[in-house]
Amino acid sequence: MSIKENLEQVKQNIARAAVKAGKRPEDIILVMATKTVEPERIREAIKAGGLIIGENKVQEAMKKYKVLKDEDAEWHFIGHLQTNKVKDVLTFADMIHSVDRLHLVEKLDQRLQQEGRSLDILIQVNTSHEESKYGVAPEAAVSLIKQTARYDTLKVRGLMTIGLFTKDEVKIRTCFKMLKEIYDNVIKEGVDRVQMKYLSMGMSGDYRIAIEEGANMVRIGTAIFGARPTPDAYYWPSEKTDADRAEQM
Ligand SMILES: *Cc1c(COP(=O)(O)O)cnc(C)c1O
């Protein structure tokens, strides 16, 4: 199937899941996860109606941005972000889904202050409790949200998670329910300057479930572009690197 046909299929599935969840199809935002996908194929997807590009690696994204920046698309950064890449990520990203620690918040704020602007961000939560997945621990999420809210340059607009990779639907739902609960609690409690607007959860294998559990933003790669050549371990290392560990201290 072509990218266009895949995209149409995905949009149909999103619409169906939305209706099942009592929402309108247009309430669900599709972010195309474009890691490893060549610019020309991304361009094809944009032409076919993909409005948002989601990239995982800063260098890879910058290369593609050079080629595609005149296309009518928004750029989201959805991968793990190291603090030494903050300056670079801000050259293309309209939104960052993966803010997960105060140190990163501080570095983003410093750079945004220099540039005299603000940025929409999501807080990434590790709902699967896997060491290999990045994100703030669920029990620390509200605290990080409140701390982040103190920085004028950062506009917290929602939450993001990666569900557990398993065939066990109950376990996947548990991750999504957890994120929705934090989202609802923050709305109920109300945090100054924080606006819970986007719940970014669901990938090719689990976006229907995610939408049923309240997602209004899904990140989909394989179902649009086909299987990737690089193993996912390249993007989600099975072990955190020493640099990551050092940063988290
Ligand atoms: C790759 C990726 C996705 C999409 O994965 P698929 O299974 O190919 O749909 C979603 N979110 C993040 C953070 C990703 O890295």
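1. The model is predicted: local features need pLDDT of at least 70, side-chain atom pairs count only at pLDDT 80 or more, and totals for chains, interfaces and linings use all residues. Residues are numbered from 1 along each chain as its sequence is written, and side-chain values use heavy atoms, with hydrogens and water left out.

2. The largest pocket has a volume of about 360 Å³ (a pocket is an open set of points on a 1 Å grid over the protein atoms alone, where a 1.4 Å probe fits, with protein on both sides within 12 Å along at least five of seven lines; lining residues have an atom within 4 Å of a point). Of its 24 lining residues, Phe165, Met203, Ser204, Gly205 and Asp206 are the closest to the centre.

3. By class, eleven nonpolar, six polar and seven charged residues form this lining.

4. The ligand takes the space of the largest pocket (more than half of its atoms lie within 2 Å of the grid points). Around the ligand are 13 residues, the closest being Lys35, Asn56, Ser204, Thr222 and Arg228 (a heavy atom within 4 Å).

5. In the side chain of Thr222, an N or O atom is 2.5 Å from an oxygen atom of the ligand. For the side chain of Lys35, the corresponding value is 2.6 Å. The protein covers 95% of the 380 Å² of accessible area that the ligand has on its own (Shrake-Rupley method, 1.4 Å probe).

Technical notes. Grid points are joined across faces, edges and corners, and a volume is the space filled by probe spheres set on the points. Ala, Val, Leu, Ile, Met, Phe, Trp, Tyr, Cys and Pro count as nonpolar, Asp, Glu, Lys and Arg as charged, and the others, Gly among them, as polar. A polar contact is a pair of N or O atoms within 3.5 Å; within protein, one must be able to donate a hydrogen and the other to accept it, and residues adjacent in sequence count only if both atoms are side-chain atoms.
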